[in-house]
Amino acid sequence: MYYSDLVKYYEELEKTTKRLEKVEILSRLLNHTSADKLDSIIYLIRGKVFPDWDERKIGYSSRLILKAISSVTGINQNDVEKLWKKKGDLGSVVEELIKHKKQTTLSSKRLDVDKVINNLRKLSEMEGEGTVSKKVQLVSELISNANPKEAKFVVKTVLNELRVGVKEGIIRDSISRAFNADVKEVENAFNLTADYGEVAKLAKKNKLKSIEMSLGRPTKLMLAILVKDAKEGFEALRRPLQAEPKIDGFRVAVHKDKNNVRLFTRRMEEVTKQFPDIVEIVKEHVKTENCIIDCEAVGIDKKTGKHMAFQKISQRIKRKYDIEKMAKEFPVELNVFDVIYCNGKSLMNETLKERRKILEKIIEERKEKIVLTKKLISDDEKKINEFFKESLKEGNEGLMLKNIDSLYIPGRYVNGWCKLKNVLEPLDLVIIGAEFGDGKRAGWLSSFIVACRDKNKFLECGRVSTGIKEKEGQELTYKEMTKLLKPLIEKEEGKVVHVKPKIIIEVGYEEIQKSPTYSSGYALRFPRVLQIRTEKPLSEINTLSEIERVYKIQRGKR
Ligand code: AMP
């Protein structure tokens, strides 16, 4: 397939926000795609070149794109950068520059989808300094053979900025429509393969039913909905329910096949190499030939034996070198809470009660290495509240509440699992910087750097963008925010501006984490703008010590 054909579909998809129309367009594209290219098309339509769970990433910076554009067009990098600032995104920049270039250049090879995907896949294999010129060359080759529109979509894909509004649900429905397959079957196949590329191929051959869960291939995991208190938990789940501490580590699905152990995160990325310690623990203490167990790996303080906050061990997840040393310095304990496959058989259709029984048989508990999560089965709200407080005191995030009759269904379900966390008061913070946006938000400041106060200084504690709207209406829009902030700009660095601290906003969030990225040493998790606080003086915004206090409260350590 020519890349220009795919570009036509990108443009059609961009033009509509209607879900049904998107499904119609995408299913038409899938119908016109040969069986062997279905996976490539599925990845490219979402701006990817691998399935989501694959470890390999394109990993290309805006700087390199500037180089590539400059080398193809012969225009000085600074001038390209100026245009970037004006237009807001490099896709539109390259489109405009290639338009002018094409008037003088005649010879070029017509791009096909294979060429694009092959060059972009090669990028993911290149790391380190010596590879810069090769990386630039691979992308330059594509741009120089592209027409203006093709160039725009190539650049957006390379930068991981391609958005044509095709979420997983739309892919699922399009596969179902294109190949006349049952939607539930398509979804189920995806839950087991984590790869809509493969699902599309199987759907075309009418082989969806043949998919089975298999060891070594990541699957989607079960998730929880947030409830505000135990009462709401009981309303969603049946009585009695099973409460477990919500441990502050990271999710890991462990696939054991005899002595072959592989580890996958919640986003289905493989992390086996990063955790040789977990691999050894599993080999020794999981007493079954083969299984998939669902766990939370949590850092252990070597001195006290207590759990550590997630940020301390988060660095281990992406680590590529000194792995053994890190494993010694930051040991983890595996807290096992579920089993979804055992002795060659999927357990997804067994109840939690049954699965837990099996789990208790196959895990040989060893403190600080591998333990089952504590559990409390109760129909009494008071007992659950006490368990919640106890869990916070131990340094956990709260509780997971689980329906004991629930099957293992990947994704979030009202009657499956709920999470119960401490509700935290919003913070009043001041905006000290912002960044110009891309795409629909080009020309507007769309991401805001917020700070708390520490005596006379303002210290950053995160960036917030959620809560502001693109369209005009009653709520706060990017346009209004830009109008408020533009007169306060003191310095500009690329797309980032520093502003005089004046505009105070109320910010909601799920959690406060320690963070080396921001000068306060803290970061807000899932921040969202609630409102502008016009009535507040700067002297009354939240202080660093208040943020420290919330950080401690959320873990029950007042
Ligand atoms: P959240 O990330 O806030 O949506 O909470 C869900 C996450 O809590 C899961 O993905 C797990 O990583 C984590 N978690 C911690 N303890 C448990 C537990 N006992 N059962 C299930 N998930 C848990």
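Start by selecting glutamate 296 together with the ligand: in this predicted model, an N or O atom in the side chain of glutamate 296 is 2.4 Å from an oxygen atom of the ligand. Taken alone, the ligand exposes 490 Å², and the protein buries 95% of that.

Now widen the selection to the shell around the ligand, which holds 15 residues, with Glu244, Arg251, Glu296, Lys402 and Lys419 coming nearest. If you colour this shell by residue class, you will find 9 charged residues, 5 nonpolar ones and 1 polar one. To see which strands contribute, select β3 (241–246), β11 (398–403) and β13 (417–421), each of which supplies at least two residues of the shell.

Show the side chains of Tyr3, Ser4, Leu6, Val7, Tyr9, Tyr10, Glu11 and Leu13, which are the buried residues of α1. An α-helix has 3.6 residues a turn, so residues three or four places apart point the same way. Among the elements that cover the buried residues of α1 are α2 (19–31), α3 (38–45), α7 (113–124) and α9 (148–158).

Within helix α2, pick out serine 27. Serine 27 counts as buried because its relative accessibility is 4%, under the 20% cut-off. Leaving aside neighbours within four places in sequence, its contacts are with Ser174, Arg177 and Ala178.

Alanine 194, in the loop between α11 (183–193) and α12 (196–204), has a positive phi of about 60° although it is not a glycine. Aspartate 322, in the loop between α15 (310–314) and α16 (323–329), likewise is not a glycine and has a positive phi, of about 55°. Is each of these residues buried or exposed? Alanine 194 is buried, with a relative accessible area of 2%, whereas aspartate 322, at 40% relative accessibility, counts as partly exposed.

Terms used. Residues numbered from 1 in each chain as written. Predicted model: local features only at pLDDT ≥ 70, side-chain atom pairs only at ≥ 80, totals over all residues. Heavy atoms only, no water. Near = heavy atom within 4 Å. Polar contact = N/O pair within 3.5 Å; in protein donor to acceptor, adjacent residues only side chain to side chain. Areas by Shrake-Rupley, 256 points an atom, 1.4 Å probe, with all protein chains shown as cover. Helix = DSSP H or I, 4+ residues; strand = E, 2+ residues; numbered from the N terminus. Nonpolar A, V, L, I, M, F, W, Y, C, P; charged D, E, K, R; others polar. Buried < 20%, exposed > 50% of the residue type's maximum accessible area, 1.4 Å probe, protein only. Contact = heavy atoms within 4.5 Å.
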